[in-house]
Amino acid sequence: MAKHKTKNEPFALTKYSPDQLKEALRKMHLIRKFEEGAEDSYTRGLIHGTMHLSIGQECSAVGSCMPLADDDQITSTHRGHGHCVAKGAEVARMFAEFFGKETGYCKGRGGSMHIADVEKGNLGANGIVAGGIPIAVGAALTSKRLNTGKVVLCFFGDGANNEGAFHESLNMASVWKLPVVFVCENNKYGMSTSIERSTAVENISDRAAGYSMPGVSVDGNDFNAITEAIDTAVERARAGEGPSLVESLTYRWRGHSKSDRNRYRTKDEISDWMSKDPIVRFTSFLVEHSVLTEDEAEAIEADVEAEIAAGIEFAKSSPDPLITDVSRDVYTEALS
Amino acid sequence: MPIEVILPKVDMDMSSGTIADWHKSEGETVEEGEALFDIETDKATMEVESPGTGTLHFVTAKQGDEVPIGQAVAWIFADGEEVVAPAGATPPQATSAPEQKPDEVAPAVQTEAQPTLTNGTNGTRATPLARRVAKKLGIDLSAVSGSGPRGRITRADVEAAPKQADVASPAAQVINVGGKTGAEKTAQELGLSYSTVPVNKMRSVIASRLTESKSTVPHFYLNADVELDALMTMRAQMNSALEGSGAKKISVNDLLIKACAAALKAVPEANASWDGDTIVKYDDAHISVAVSIDGGLVTPVVRSAQSKDIQTISAEIADLAERAKSGKLSSKEYQGGSFSLSNLGMFGVKSFNAIINPPESMILAVGQGTKQFVPDEQGNPKLATVMSVSLSCDHRVVDGALGAVWLKKFKELVENPAAMMLN
Amino acid sequence: MNAPVNTADLETVEMSYSEAIKDAMDIALGSDERVILMGEDIGVYGGAFQVTGDLVHKYGEERVMDTPISELGGAGVAVGAALTGLRPIFEFQFSDFATLAMEQIVNQAAKVRYMLGGEVSVPVVMRFPAGSGTGAAAQHSQSLEAWLAHVPGLKVIQPSTPHDVKGMLLQALEDPDPVMIFEHKLLYKTKGMVPQGYYTVPIGKAEVRREGTDVTIVATSIMVHKSLAAAEELQKAGISAEVIDLRTIRPIDPETVLASVEKTSRLVCVYEGVKTLGIGAAISAMVAESHAFDFLDAPILRLGGSDNPIPYNPELEKASVPQVDGIVASVADLVKGKI
């Protein structure tokens, strides 16, 4: 698709149709309200375990997935609910999974950290930090070996960039020139340890040079910035030129998990970021450029609210797995 | 909620107990800590205190009932509490004493580490396959001797068992003492006048252990006469020195115990026990002393007697005997002996042969000391106090010569008692 | 490649264990474009144990891939590739290096299918040269198969002959789930008759290598051979030992083992992995809690590696794992009722 970009025209407007942009806004709302709905259900005792919310990072997730074709693939993280929705997951089945039900994406076996929808190209969220990075490289290897033309988007956080697997994976992807885009969503804190205290480079994208691939840092909460950066990387991969590292700067409003007391950051910092809500920012942008009206924006939000409510109801009324099925699906053919 | 009164475990290797006596009855008030009932164990009667204060109800076990440990026998209801039968307030599966099967009896006197097993093995070591084959052939495992380690019975042993029975005497098969002899039946048939006494725990333990001893331990007997005069002189001197101190007098028996211990120290090979594929040699002399008690016999142990002075031994024996008679010995106190002494001299018995207490290897039976004329060095008659002793030995551990060496040493020590006081 | 083959119809040829592995990979690479080999130095170097040999010349570097020294990343790439349509065979240079990749093997390969509710499979094969006897000392001599056999979701095999290693590797490639193959280094040069062409040997089925009546010896990998040698010796002493080659340790084949124990009434487990908490414990417990328990006429014996890292000194090294003499002595004692 040739880009007809006039000077100063925002990237997203040149690249995506109004319908696509409205869908992007809808997805951001879907993520926000999904997270809030999950959080609410959790506090009511309806959800087991814990959850890692990505409220505040919706633009980064949706923006990163915009340049992807339907059969391109992603790997995601424990904070990946947004990625799942951005890649087309249905919130009802996500809620069902969170409620541990048989109708969930993982039939209640995986929970919030392992949502996957392989048919839609979502190879799965991972509970191990950097666990999905080598897997993404493997998927890119398949794409190259079988010539499928698929590009793999590998999401991970700032914490992962210090894991051995990150370094090994970037190195191999570069050596073998694989069609993978490494997307680091830097929200300033691996659990509680800041980037400054844990990482030997100032920008995570600086590490790209160590693996001979392009590296760029962008404002992940700026829809234009993130989509443009990812798009460049995806095109490069699709052209067979190898991997890239995109650092998407963003921020999470909630703690790491439900047990986080936020002792490592100040209330001021959190409220400051909350005042720069990426969804509000994107809505203003779209309204300003007449992609939609304020009313339409509100209508989208209301629509999403209804979808969330229906999803929660679906989850609540779905059946629990049978205890006798506890060992089902460990192997592909049942061992005799 | 009413407080449950259970049949408590009060002894090692105890799986059940018999209610000997109730101190309180249905409807009576009880205080926490007050004596509630007595349990009869193998060697003693133990008092059980009330676990709470209130009124006693639903007493489900009566005197003479045998109750599994942990089972409730009564409940205590607090003041004002509604007296309703709690779950489980039905009479326990009590078997009254006369029908006790000896193989369910806790072998409390046995020093061997064979606990009462409640799993149907009855303490018999047999492989699963051996059990299976025995069951199929209708063979009683307790009549089979095991060739495996620690006496383990294997399939081969079971298959060889019928042949064993041909060779051994029929009586050897009846180690299981539960067998009736038919005495009562005969008495009834002949119209003899008689009364019966139920075989209690202690009686049945004595019966089974000593039958087992007599029929499985190869006994032989060594006899000797020992002159007591020097010992008695020393004793008189000791007691005169103790005069006025309030200490207990030293008895001849105390000194004989000391002599046995010293002799075992001098002849350590005889201070041992047979254990299947090993012989256990004890480092110390643990002397089991036979004490006659009401209805039976107990053998409390004087531990490491070789290193105790005569006064300590004397006091210990007195204490052990007293507690044995009042049924207050703990099981540890009558287990783990390495040698036994049995003295029937006070009953006028001249001499006798005692039955070994397994797993000990020897028992010394002491008779009455009587004045007799014996030749002196010149061959002239002199009057001496002579005591006949008989040493029973387990030939698996103690051969004739070894037994004789021990007996000689014992006699030397008794006739030259000063040597006993040395290390 | 799926139709079962009757090996009786195939010509056999003598080849070594490592040649048999190469043969299997050659057949797979040649018939299925999804198959790729990954590992350190498996290309022109031919593999640390010369197993891959000249395969790179035949199939090229894109099918026979030298990886950087990145066991964790490399194993993960294999998992991702298997997840998305390839059939990778990942070679670890030494089984000891599995430790570096445990995250991807245990947390990912073994669990992705289950965590995703059965939506996907991970048909990855990983090969591990294992065991002691080469003087490579503690970090290059371990037998860690029991670690992996402990993890639901994996299959773990230990073929002991050239015939079996070729057939089981080809079977592993048919298996939609992760298969871990532990190859004892000292077996690489052993020879045996191997059918030519494609055939498979089932995973999950043990094999009776020698029939006997007095005792069942269940052994794995190189210990199968030592047990067979021991059985020959024992026969001279009038003891008839049945030797079972377990072949697969997850899942263990209960039928073959239990039937044998019911017949002989005695069981000895012989394996190189450390005895404590090893595969022998699993076999013993399986027998003890089964109907075969009623047929035991003696305690169950385990002969395994001693509780120390493998030493460098050759005599100490030998003393750290079961040897033929020790097997003979222990089995004889057991049968004679001394234990």
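Predicted model: local features only at pLDDT ≥ 70, side-chain atom pairs only at ≥ 80, totals over all residues.
Residues are numbered from 1 along each chain as its sequence is written, chains are lettered from A and ligands numbered from 1 in the order in which they are written, and side-chain values use heavy atoms, with hydrogens and water left out.

**Chains C and A, each by itself**

I looked up the secondary structure of chain C and found 12 helices and 14 strands, taking helices (H or I, at least four residues) and strands (E, at least two) as DSSP runs numbered from the N terminus. For contacts, meaning heavy atoms within 4.5 Å, I read that 82% of those in chain C with a separation of 6 or more join residues 24 or more positions apart. The accessible surface, from the Shrake-Rupley method with a 1.4 Å probe and, for residues, with only the protein chains shown as cover, is about 12,300 Å² for chain C, with 53% supplied by carbon and sulfur atoms.

In chain A, residues 24 or more positions apart account for 73% of the contacts with a separation of 6 or more, and the accessible surface comes to about 13,900 Å², 50% of it on carbon and sulfur atoms.

**Where chain C meets chain A**

I then checked the interface, where 45 residues of chain C and 35 residues of chain A take part in the contact. The buried area, which is the accessible area (1.4 Å probe) that two parts lose on being put together, summed over both, is about 3,400 Å² here, 64% of it on carbon and sulfur atoms. On the chain C side, C:Val77, C:Tyr114 and C:Met115 supply 18% of the area buried against chain A, more than any other three residues.

I counted as a salt bridge a side-chain nitrogen of Lys or Arg within 4 Å of a carboxyl oxygen of Asp or Glu, and the rule finds three across this interface. One that I looked up joins the side chains of C:Glu119 and A:Lys107, at 3.2 Å from N to O. Among the elements on the chain C side that give two or more residues are strand S2 (35–39) and helix H3 (71–83), and H3(C) gives the most, with 10 residues.

**Where chain B meets chain C**

Last, I looked at chain B, of which 11 residues are in contact with 11 residues of chain C, and the two chains bury about 790 Å² between them, 53% of it on carbon and sulfur atoms. In chain B, the residues that lose the most area to chain C are B:Pro128, B:Leu129 and B:Arg132, together 54% of what that side buries. I found a count of one salt bridge between these chains, and B:Arg132 forms a salt bridge with C:Asp294, with the closest N and O atoms 4.0 Å apart. Helix H1 (128–137) and helix H2 (155–167) of chain B each supply at least two residues to this side, and H1(B) gives the most, with four residues.
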